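Subject: Structure handover

Hello,

Here is the structure I promised you. Please open it alongside these notes.

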Amino acid sequence: MKKITIAIDGHSSCGKSTMAKDLARRVGYVYVDTGAMYRCVTLFALRNGLFREDGSIKTDELEALMPRIAISFRLNAETGRPDTYLNGERVEDEIRSLLVSNHVSPIATIPFVRSALVAQQQQMGRDGGVVMDGRDIGTVVFPHAELKIFVTASAEVRAQRRYDELQQKGMPADYADILKNVQERDYIDSHREVSPLRQADDALLLDNSHMTIDEQNQWLMEQFNKVLYNL
């Protein structure tokens with residue numbers, strides 16, 4: 001049976017990564033978390049002092065150092081899901097911190113960063129059999145993907161989910177700060193000049209504000225099976 005490409009786009013903290021990981025595991029596909037890739041570049045920039053005090057980025061230095069940034073995904077035997085590695089170091093938890101969240105949107109607007117990561121993403125999914133989530137998968141990375149999903153939820157719901165996730169990991173969290181971050185990222189992602197966040201014309205809309213994980217997974221499997229049936 002032919003393996004298709006599944007593109008899942010949407011707003012920050014709406015559960016794209018979780019649903020993409022679960023769907024990939026259920027259908028036996030490879031999962032690629034593109035958001036984690038941008039977060040890795042952000043973490044690298046933070047660690048290497050590439051942000052100025054005013055929050056601006058030393059773009060010339062970052063561009064020169066991009067060849068030193070190696071991002072990979074390895075399956076975690078305990079969770080059954082892939083973890084993110086930056087230059088061989090597991091950074092799955094660190095890239096989800098509020099510090100990285102507060103800096104990732106400006107990094108994601110830099111053309112040479114997007115160009116480098118999009119090329120890597122297209123290489124990863126060139127043969128199909130991949131589930132990829134991010135901001136521009138269905139519009140830029142894989143505009144011809146057989147199944148495109150655009151996910152959203154209210155900013156308040158997404159902030160609460162993010163808060164709960166950080167609390168469960170024992171990481172510091174303030175709901176008001178997280179809500180502000182979510183709203184700011186929505187604006188930046190939707191208004192950037194390079195690959196702004198938007199729903200592809202042929203993408204299916206999923207508002208999961210009031211859905212359970214099981215309901216969401218059932219809906220995704222139904223859409224997946226519809227596409228396979230109509231190939």
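The lining of the second largest pocket divides into seven nonpolar residues, one polar and four charged. Here Ala, Val, Leu, Ile, Met, Phe, Trp, Tyr, Cys and Pro count as nonpolar, Asp, Glu, Lys and Arg as charged, and the others, Gly among them, as polar. This is a predicted model: local features need pLDDT of at least 70, side-chain atom pairs count only at pLDDT 80 or more, and totals for chains, interfaces and linings use all residues. Residues are numbered from 1 along each chain as its sequence is written, and side-chain values use heavy atoms, with hydrogens and water left out.

**Pockets**

The second largest pocket has a volume of about 190 Å³. A pocket is an open set of points on a 1 Å grid over the protein atoms alone, where a 1.4 Å probe fits, with protein on both sides within 12 Å along at least five of seven lines; lining residues have an atom within 4 Å of a point. A volume is the space filled by probe spheres set on the points, which are joined across faces, edges and corners. Among the lining residues are Lys 21, Tyr 29, Phe 73 and Arg 81. H1, strand E2 (30-33), E3 and E4 each supply at least two. Helices (H or I, at least four residues) and strands (E, at least two) are DSSP runs, numbered from the N terminus.

The largest pocket has a volume of about 960 Å³. It is lined by 43 residues, and the closest to its centre are Gly 15, Ser 17, Thr 18, Arg 96 and Glu 165. Elements giving two or more residues to this lining include H1, H2, E4 and helix H7 (155-168). By class, the lining has nine nonpolar, 14 polar and 20 charged residues.

**Asp 22**

Asp 22 sits in helix H1 (residues 16-27). Is Asp 22 buried or exposed? Asp 22 is buried, at a relative accessible area of 6%. The cut-offs are under 20% for buried and over 50% for exposed, with partly exposed in between (1.4 Å probe, protein chains only). Leaving out residues up to four places away in sequence, Asp 22 touches Arg 81 and Asn 217. Contact means heavy atoms within 4.5 Å.

**The open sheet**

Three strands form an open sheet in the order E3-E4-E5, with antiparallel pairing. Strand E3 (71-76) and strand E5 (89-90) stand at the edges with a single partner strand each, so one side of each has no neighbour in the sheet. Helix H2 (residues 34-47) packs on the sheet and touches E3, E4 and E5; its direction makes about 30° with that of E4. Axes are lines fitted to C-alpha atoms, for helices over the stretch in contact, and angles run from 0 to 180 degrees between N-to-C directions. Two bridges join strand E4 (residues 81-86) to E5. Two strands pair if DSSP finds at least two bridges between them. The bridge partner of Tyr 85 in E5 is Arg 90.

**E1 and E7**

Strand E7 (residues 147-152) has six of its six residues buried, so E7 is largely enclosed by the rest of the structure. E1 is mostly covered too, with six of its six residues buried. Five bridges join strand E1 (residues 5-10) to E7, running parallel. Asp 9 stands opposite Phe 150 in E7. In E6, the bridge partner of Asp 9 is Gly 134. On its other pairing, E7 joins strand E8 (residues 204-207) through four bridges, also parallel.

Best wishes
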